[in-house]
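Colleague: I am new to this one. Could you walk me through how its descriptions were reached?

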Amino acid sequence: MEREDRFLGYNQEKIQGMNRTLVLNLLRKGGICSRTQLAKESGLKQATITNIVNDFIEWGIVKETGFLTGDKGRRSIGISMDQSTFGILAVRLARRGFSIGVFDMCGNPVKIIRRSAAQNQDPETVISSIFKEAVELMRDNSERHYLACGIALPGPYSFKSGRIEIMTGTKGWHEIAIRERFEEALDMPVFVEQDANAAAFAQYWKFEEEHPGEMLLYLAVGPGIGAGIIQKGQILRGRIGVAGEIGHMSVNYKGPKCVCGNRGCLENYCSSRAFVDKVNRKKKALLSFEETAILLKEGDSDTEACFFEICDILAIAIANLMNCFNPSVIILGDEMSHIIPERMLSYIRGKVKDLVLPALYEDTLISTSLLPIDSFVHGAAVVAWNQIFTKPELYFNKYSEDEKKRLTR
Ligand SMILES: [Zn+2]
């Protein structure tokens, strides 16, 4: 059955939009392909594909790349995404600094810079340096037309208020209306996402190539702890957008009081800050995270003992998540998972195996990152591209300003 028939009841404009999104995602994943291949993979009529591709060529999204030889020696014109014309600015804000990147339409990094910030630096100072660096980065890569900015923020981020509710270990961020400030300074649409959700999107772009539609859970174990949960390509948000804030899931009801109001929150036991504190208490030292990570890599016994105690608690959290959500894959990310990734993974898998039903364990993949670069800044770019791919006609300059206003209503 033709896709058009299955969506009886939707208006023509909506169907056209959905078809465009579908074709854009096939082009992103497929590299160079032909109109016939796109029709086959999308289930759309050849005439629909021709119209969509014509629009995309006119808007500068795709280009023709010469002839391809297909079945029975038939030749067809190859088309692919033009990866050099458009760009996304991606910003990752973290507790100890920020990253800014330029990404092409397939989500490939063009350039990424990282800057550290002093402990408890005033948010206004951090924001001004981000704007300054972002403008410089776009100037250095000025051959691209920048369509939007994606931002990954440490959560919990409330979509309702547009602000960070808590950033453990920092002050003043909840006063700042992040999206408005960035839109004003950069003069482009800005899409904000909580960092674990953004990283989950980045992982999902990779994962869905082989596992379309399956549930992915990304577990960020860094200075804070959060999870991004993706079901059928969509983030599970909950009412005010804090679903997946598992850093504030209690693992000890008699534990110390947390800033969120609860007791014994996971973040206070398993974050990289908790790890450093634990090692420092044991060694009566004042080490930084980087110094502690070096000790762990070198096999220091005190540091290893602290690290694997943390992994024991993480395994319990992972078993809880498996029972709550039953995802196809759980990906461990952020700085705690980058120090000794293979040993950490095999230790945690061994512990989780004893904590869940055998059928559940055997059917769930537990992995470290599927990506070669920082999932958070990558995720910020994917968040923006996802939005643009949903309504490409708004961003690729085909319609008049009035038409755009009508379409966004
Ligand atoms: Zn808490």
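Predicted model: local features only at pLDDT ≥ 70, side-chain atom pairs only at ≥ 80, totals over all residues.

Colleague: What describes the way α2 and α3 cross?

Modeller: The axes of α2 (residues 12-30) and α3 (residues 35-42) come within 10 Å, and they cross at roughly 115°. The crossing is right-handed.

Colleague: Which residues lie nearest the centre of the largest pocket?

Modeller: They are F201, G233, Q234, N386 and T390, out of 32 lining residues. About 950 Å³ of space lies in this pocket.

Colleague: Which element gives the largest share of that lining?

Modeller: That is α2, with 7 residues. Others that each supply at least two include α7 (195-207) and α14 (375-390).

Colleague: Why is the second largest pocket said to lie between domain 2 and domain 3?

Modeller: Domain 2 (86-198 + 375-408) and domain 3 (210-368) both give residues to its lining, so the pocket lies between them.

Colleague: What makes up the lining of the second largest pocket, by class?

Modeller: There are 9 nonpolar, 9 polar and 9 charged residues. Among those nearest the centre are R92, R114 and D334. Arg and Asp count as charged, so these three belong to the charged class.

Note on methods. Residues numbered from 1 in each chain as written. Heavy atoms only, no water. Axes fitted to C-alpha atoms, helices over the stretch in contact; angles between N-to-C directions. Helix = DSSP H or I, 4+ residues; strand = E, 2+ residues; numbered from the N terminus. Left-handed = near helix turned anticlockwise from the far one by under 90°. 1 Å grid on protein atoms, 1.4 Å probe; cavity = no way out; pocket = protein on both sides within 12 Å on 5 of 7 lines; lining within 4 Å. Points joined across faces, edges and corners; volume = space filled by probe spheres on them. Domains from an automatic or database assignment.
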